Amino acid sequence: MDDTALPDDAALHALAEQVGAALQARHLMLATAESCTGGWIAKMVTDIPGCSAWFDCGMAAYSYEAKQALLGVRPETLTEHGAVSRETVMEMVSGALVTSGASIAVAVTGIAGPTGGTPGKPVGTVWIGWKRRGGYPKAELFHFEGDREAVRRQTVAASLRGLLALAG
């Protein structure tokens, strides 16, 4: 898939199938922790027949309170860095592994728009984090272009590509 093209449903489905095959081959279980995508990553992976062999759970945590209660994000992290930050996504992805039976996780937090952007964090700013149980979290900052749907689609695709790389 061309990384610059806006991924359509078929492209996202194909990525999810590749992730599922890689996770199943390595006996890994996946957890997702999603803010700006609202469960879209979990939806894509659960569209794959047989995903129960490699998908454990998904948590959609939009509010500060949900991030704290479901994922163990510290209030200080949210106060000092905000929900859309490297620090928050690192705590989200680690928390997803703590609260689940999964062995690999992805977390996303961002500003999909059309409102909510600031000069320092404009619409399209997205942090994605990945982690394997027992390993260190990795986080990457993205600046996606387009409307709310485009930002969210690109976030799902980048999340799945990162999982594919980490599972390999």
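Read from the N terminus, the elements of the protein chain follow the order α-β-α-β-α-α-α-β-β-β-α. That gives 6 helices and 5 strands, where helices (H or I, at least four residues) and strands (E, at least two) are DSSP runs numbered from the N terminus. This is a predicted model, in which local features need pLDDT of at least 70, side-chain atom pairs count only at pLDDT 80 or more, and totals for chains, interfaces and linings use all residues. Residues are numbered from 1 along each chain as its sequence is written, and side-chain values use heavy atoms, with hydrogens and water left out.

Let me turn to the overall dimensions. Along the principal axes, the C-alpha atoms of the protein chain fill a box of roughly 40 × 35 × 20 Å. The radius of gyration of the protein chain is 15 Å, in agreement with the value near 15 Å of a compact globule with 168 residues; the radius is taken over C-alpha atoms, and the globule rule is 2.2 Å times the number of residues to the power 0.38. Of the 168 residues, 52% are buried. Here, buried means under 20% relative accessible area, exposed over 50%, and partly exposed in between, with a 1.4 Å probe and protein chains only.

Which residues touch the most other members of the largest nonpolar core? They are Leu23, Leu30, Trp54, Ile128, Leu160 and Leu163, in a core of 34 residues. A nonpolar core is a set of buried Ala, Val, Leu, Ile, Met, Phe, Trp, Tyr and Cys residues joined through side-chain atoms within 4.5 Å. At least two residues of this core come from each of helix H1 (9–25), helix H2 (40–46), strand E3 (104–110), strand E4 (125–132) and helix H6 (148–167). H6 provides the largest share, 7 residues. Apart from this core lies another, of 22 residues, among them Ala33, Ala66, Ala102 and Trp127.

Next, consider helix H3, residues 64–71, with its buried residues Ala66, Lys67 and Leu71. Seen down the axis of H3, these buried residues fall within an arc of 100 degrees, so they line one face of the helix; the arc is that of the directions from the helix axis to the C-beta atoms. The face turned away from the buried side of H3 carries the exposed residues Glu65 and Ala69. The buried residues of H3 pack against strand E1 (30–34), strand E2 (55–60), helix H4 (75–81), helix H5 (86–98) and E3. Just after H3, glycine 72 takes a positive phi of about 70 degrees.

I close with the loops. Histidine 27, in the loop between H1 and E1, is a residue other than glycine with a positive phi, near 55 degrees. Is histidine 27 buried or exposed? Histidine 27 is exposed, at a relative accessible area of 72%. Serine 103, in the loop between H5 and E3, counts as buried at 18% relative accessibility. Not counting residues up to four places away in sequence, serine 103 touches several residues, including His27, Leu97 and Arg133; contact means heavy atoms within 4.5 Å. Finally, proline 114 is placed in the loop between E3 and E4, and a cis peptide bond with omega of about 5 degrees joins glycine 113 and proline 114.
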